[in-house]
Amino acid sequence: MKSDRSPSQPSLQRPELLAPAGNWECAKAAVENGADAIYFGLDRFNARMRAENFTEADLPQLMTFLHRRGVKGYVTVNTLIFPKELAEAQQYLRTIIAAGVDAAIVQDIGICRLIRQLSPDFPIHASTQMTITSVAGVEFAKSLGCQLVVLARECSLKEINKIQQQIAQQETSLPLEVFVHGALCVAYSGQCLTSEALGGRSANRGECAQACRMPYDLIADGEVVNLKERKYLLSPQDLAGLDVLPDLVKSGVTSLKIEGRLKAPEYVANVTRVYRQALDSVMTELERPNPLTPFPTFAQRHEVREGGIKAPLSASERGWGRGQSDREHYNLEMAFSRGLYTGWFSGINNQELVHARFGKKRGVYLGEVSRIHNEEVTVKLEAPVKPGDGIVFDCGHPEAKEEGGRVYGVVSKGKESVLTFGRNDLNLRRVHIGDRIWKTSDPELDKQLRQSFAGENPQFQRPIDIEIYGEVGQPLIAIARDRLGNIVQVESATSLVEAHTKPLDTDRLKEQFGRLGNTPFCLGTLTNHLSGAIMLPVSELNRMRREMVVQLEELRSQPKRWQLHSDVSFQNLLPSSSTLQEAKATSPSLIVLVRNLKQLQAALKAGIETLYCEFEDPRAYQEAVQMVRQQQQKNKTDNSSFLTDNFCTDAIHRVSPHSPLPTIWVAPPRITKPGENWILQQVRACEADGYLIRNYDQLQFFAADRCIGDFSLNVANPLTADYFQQHFGLERLTASYDLNITQLQDLLTSCPPQWFEVTIHQHIPMFHMEHCVFCAFLSTGTDYTNCGRPCEKQEVKLRDRVGSEHVIKADVGCRNTVFNGTAQTGAEYVQRLIELGLRHFRIEFVNETPEQVSKTIHFYSQLLRGEITGSQLWRELKLQNQLGVTRGPMGVSALRS
């Protein structure tokens, strides 16, 4: 397979094609099918710990292989790093940098700082785990020393173009990367706490348990909604950006990323090849003077079948086998498919993103069973099937064992086909008329794919451009350049002589220098600068060609020599000893976050000093602030009377005021996208005492206000905490919810404890999603413009397989948060945290009644005053409040520390 890449016009950038590699076979599959770069994890600190992964010892050999083939290699260090892991992470990073890896893909802010401390020039790519959705996020990444940003998958083409436009205006000039194909997480990457909440397996630590692929019941106002076969309410179809590839190229993104480090090498080979060929085709088309759209639109090639599933058109409508595009889509569906869709690239369509019928691999849709007779199944085929292919019968219950097997024979009968199977291969009593049939295996395709990366000889070749110089009496000089900028020069061992017959012309030179079989190269252009009719023996031309290949391979395979300082350490970045001085002795403070006005009223009555509000509609913050201001005024009046009554005229003696003055802090939404600053303006219009900061846009927007960093900033180690404190002056930081008690103690002892607050009671926010469950399943609308706003009228929960009911809330941007139905507490660890100097403890409410709020506040107030123990509180809440409180992730075994 040869690349047909030709030099692009300067105005049109050819994006890098970036493929996943979970092991050596996958790396070979990617390289031999045209990947420009691969990304892979090692045995630690990567977001796919279930992959086979590489080892640090593999790095030199792997990077030599990749570079010899003209392919870059990026290591994923895309997890949060805990305090006690910094020394290990530092040595790990030194190994990566010294091995000549081309970049690290990083989530943790502290690790970005550490890399820049170790090496001023080693490239850092900001992972999608950093949840960057705007130009403010790009600027934040640049301030950390990142050279590229992987945008959140939820960004549409319109938003990508807007970010590019703003980058150009602000001269931020950082390349952007987007995912173009593969599994879609329903939650924003870096913001999913579901696996952590339900099982102590953090997605921010590479241990995602894929709870989004499980079935759920939808409960609206206490009643189960009959959605028939639709149970997989949080499982998006797989992303396929093939149909919008021209638009992605035009947007100027630098890299197109394929998801799939847990997938097989056949998947990597298949998807990489499809996108390599499609991208080359798009570039050829777009570089023409009057480019045409190379592919029909997605809508032209697909239709929405029953229930919103994107299914192939019928064979007669599409003409299977007639078009290259059909073959591409067939290959992608066979590679791995829960249904293919353009994701969020074309904007939000809640009726199409999640079809909800299954959450696992299906493949190519063949049609529905129309007849079952004598061990034969009749179907009107929607796609080709042949003997040997594997199929599965879908009766609408993918959670159960499904019937399936290999096709033995296919006989066409008019418009229908009769499928037969091996004796005793199927139990056809479990197959029903109307069952859908999916092709799950194509052995012939798998064989072709395996052959594409089999053997030792290169199968994918990249072009080199050659210039030839020489004249009679001088050696022949050949200068070869690859498209990565490597250049070599070879000379003939003998001089050129005058040719009496068959001089060296351009065709003969192309023939000899183009014989590059079994090498990583193919001939791109050859420019002949020879003077006169001259000749050189063919054997010498062949020797020169071989020498040229050897030199180019040697030049390519030399490891990158990044700067690497040996005399620096992560300890240089730790908070200075002066900041670690003991804080003034103060009593522990209880902070209460509420989500409606009735809860706020209950918290005010309980005498809470610090109140946080997170409401769906920011306009309601004005009323909340007004309620608090009225309480402040009442307390001032009460305190004034109290002081007057207790003032002694014969001595200077004052008694402390009886009622504290409450302060109110309000929370903007977790995500801010281009064009959503109006939401932040609405939030600020309430003139609260301060703001809870959730993302990079809010760090900028509220820079002049009092601010507290929320858990979504993912502060898990002292390097990250110090960065936020030194650069943004936040009054406090909320410790990451990924920390267990041991890791939290490590954080508090490595930083001033007064920097932090810790959430000790909450319904943990598990999924935070662009996907709107209200719109998708309680309306026929596609987005907020036509859904009728069921989120404003109904209380909705998701019931999981074990019967737990999880509350769903929508925010002003129509993004949904699924809250764990069971409250979690860290009450048993509070005394230990107080002893470490922590003074700010937060409790949160979701849909509790005012009475529940009052009782819960009462118990936690008693706990902080030392009147009850954490164990007593846990038992009291469990029995009296029936909140179903669990100990939560803070209590997860210290094995994770």
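This is a short walk through one protein model, from the overall picture down to a few single residues.

Okay, ground rules. What you see is a predicted model, where local features need pLDDT of at least 70 and side-chain atom pairs count only at pLDDT 80 or more, while totals for chains, interfaces and linings use all residues. Residues are numbered from 1 along each chain as its sequence is written, and side-chain values use heavy atoms, with hydrogens and water left out.

So, the overview. Of the 897 residues, 59% are buried, and buried here means under 20% relative accessible area, with exposed being over 50% and partly exposed in between, using a 1.4 Å probe and protein chains only. The exposed surface comes to about 36,300 Å², with carbon and sulfur atoms supplying 48% of it. Those areas come from the Shrake-Rupley method with a 1.4 Å probe, and for residues only the protein chains shown count as cover. Now contacts, meaning heavy atoms within 4.5 Å: take those between residues at least 6 apart in sequence, and 72% of them join residues at least 24 apart.

Which residues of β1 are buried on each side? Glu-16, Leu-18 and Pro-20 on one side, Leu-17 and Ala-19 on the other. As for partners, two strands pair if DSSP finds at least two bridges between them. β1 runs parallel to β11 (residues 255-258), joined by three bridges, and Leu-17 sits opposite Leu-256 there. β1 also pairs in parallel with β2 (residues 37-41), again over three bridges, with Pro-20 facing Tyr-39. To get from β1 to β2 the chain goes through helix α1 (residues 24-32), and that β-α-β crossover is right-handed. Right-handed means that, with the strands pointing away from you, the path from the first strand over the helix to the second runs clockwise.

Next, helix α4, residues 109-118. How many of its residues are buried? 10 of 10, and that includes Arg-113, Arg-116 and Gln-117. The buried residues pack against several elements, among them β3 (72-77), α3 (86-98) and α20 (718-728). At the N-terminal end, Asp-108 is the cap, with a side-chain oxygen 2.8 Å from the backbone nitrogen of Gly-110. That is a polar contact, meaning a pair of N or O atoms within 3.5 Å; within protein, one must be able to donate a hydrogen and the other to accept it, and residues adjacent in sequence count only if both atoms are side-chain atoms. Over in the loop between β3 and α3 you find Thr-79. Thr-79 counts as buried because its relative accessibility is 1%. Its C-alpha is 9.6 Å from that of Ile-111, 32 residues away along the chain.

Moving on to the barrel. Six strands close up in the order β15-β16-β19-β18-β17-β20, with antiparallel pairing. From one strand to the next the twist averages 50°; axes are lines fitted to C-alpha atoms, for helices over the stretch in contact, and angles run from 0 to 180 degrees between N-to-C directions. Inside that set, four bridges join β16 (residues 376-379) to β19 (residues 416-421), and Val-377 has Leu-419 as its bridge partner.

There's also an open sheet of four strands, β23-β22-β21-β25, with mixed pairing. The edges are β23 (487-495) and β25 (521-528), each pairing on one side only. β22 and β23 run antiparallel over six bridges, with Pro-475 opposite Ser-495. Helix α15 (residues 538-557) lies across β21, β22, β23 and β25, at about 155° to β23.

Last stop, Asp-482, which lies in β22 (residues 475-482). Why does Asp-482 count as buried? Because its relative accessibility is 5%. The Asp-482 side chain reaches the backbone nitrogen of Leu-484 at 3.0 Å, and a polar atom of that side chain is 3.1 Å from the backbone nitrogen of Gly-485. Setting aside neighbours within four places in sequence, Asp-482 is in contact with Pro-463, Ile-464, Leu-552 and Arg-556.

Technical notes:
Helices (H or I, at least four residues) and strands (E, at least two) are DSSP runs, numbered from the N terminus.
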